[in-house]
Amino acid sequence: MKMTALYQSPLGPLYFIEEDERLVEVGFGERAETSTTPLLREAMRQMDAYFNDTLTRFDLPLHPRGTEFQLKVWEALKTIPYGQTRSYQDIARIVGNVKAVRAVGGANNKNPISIIIPCHRVIGKNGKLIGYGGGLEKKAWLLAFEKRTPS
């Protein structure tokens, strides 16, 4: 059974969706139904700590749903250190296919667990911000926030 919680972040509302005691989705916006479970409370506690500069790495049971390639990309994103960025080309190299830059971008765009799986840390190889499901202004905000915070 899916359970949903709403969290008020500095970037606006975020929703958390839990299924079978694992987070399956974190996204920008609101959902109509909200509930509370130990996992959802812990996810919100960790998000509070993140936005209060006391947490740089989330420790939550995650279960994003996607293709085998998307799952590889999302695992690679979790290796990007807090406050740092990698290019789409870097991620393609990590997943073992240097020619898959566009596919990495597509997988990044489909990341169902925003912030916790840090797709906001992926930028163009020229250093420019490229795409973000929550909008480029949120991506820029998150990157600036992490860079100003000692890791």
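A residue counts as buried when its relative accessible area is under 20%. Keep that cut-off in mind as we walk through this model, which is a predicted one.

Let's start with the aromatics. There are nine aromatic pairs in the structure. Take Tyr-7 and Phe-51: their ring centres are 6.4 Å apart and the planes meet at 15°, so this pair is stacked. It also ties together distant parts of the chain, since Tyr-7 belongs to strand 1 and Phe-51 to helix 1, 44 residues apart. With relative accessibility at 6%, Tyr-7 is buried, and Phe-51 is buried too, at 10%. Tyr-50 and Phe-58 make another pair, with centres 5.4 Å apart and planes at 35°, so this one is tilted. By the cut-off above, both Tyr-50 and Phe-58 are buried. These four residues sit in one aromatic cluster that also takes in Phe-16, Tyr-82, Trp-141 and Phe-145.

The charged end of Arg-31 lies over the Tyr-15 ring, 4.0 Å from its centre, while that of Lys-138 lies over the Phe-28 ring, 5.3 Å from its centre.

The largest pocket has a volume of about 260 Å³. It is lined by 15 residues, and Phe-58 is among the closest to its centre, along with Arg-57, Lys-78, Ile-116 and Pro-118. That lining splits into nine nonpolar, two polar and four charged residues.

The second largest pocket holds about 160 Å³. Among its 14 lining residues, Val-26, Gly-27, Asn-111, Ser-114 and Gly-133 lie nearest the centre. Strand 3 supplies the largest share of this lining, four residues.

Terms used
Residues numbered from 1 in each chain as written. Predicted model: local features only at pLDDT ≥ 70, side-chain atom pairs only at ≥ 80, totals over all residues. Heavy atoms only, no water. 1 Å grid on protein atoms, 1.4 Å probe; cavity = no way out; pocket = protein on both sides within 12 Å on 5 of 7 lines; lining within 4 Å. Points joined across faces, edges and corners; volume = space filled by probe spheres on them. Nonpolar A, V, L, I, M, F, W, Y, C, P; charged D, E, K, R; others polar. Helix = DSSP H or I, 4+ residues; strand = E, 2+ residues; numbered from the N terminus. Phe/Tyr/Trp six-rings, centres within 6.5 Å; stacked < 30°, edge-to-face > 60°. Buried < 20%, exposed > 50% of the residue type's maximum accessible area, 1.4 Å probe, protein only. Lys NZ or Arg CZ within 6 Å of the ring centre and 35° of its normal.
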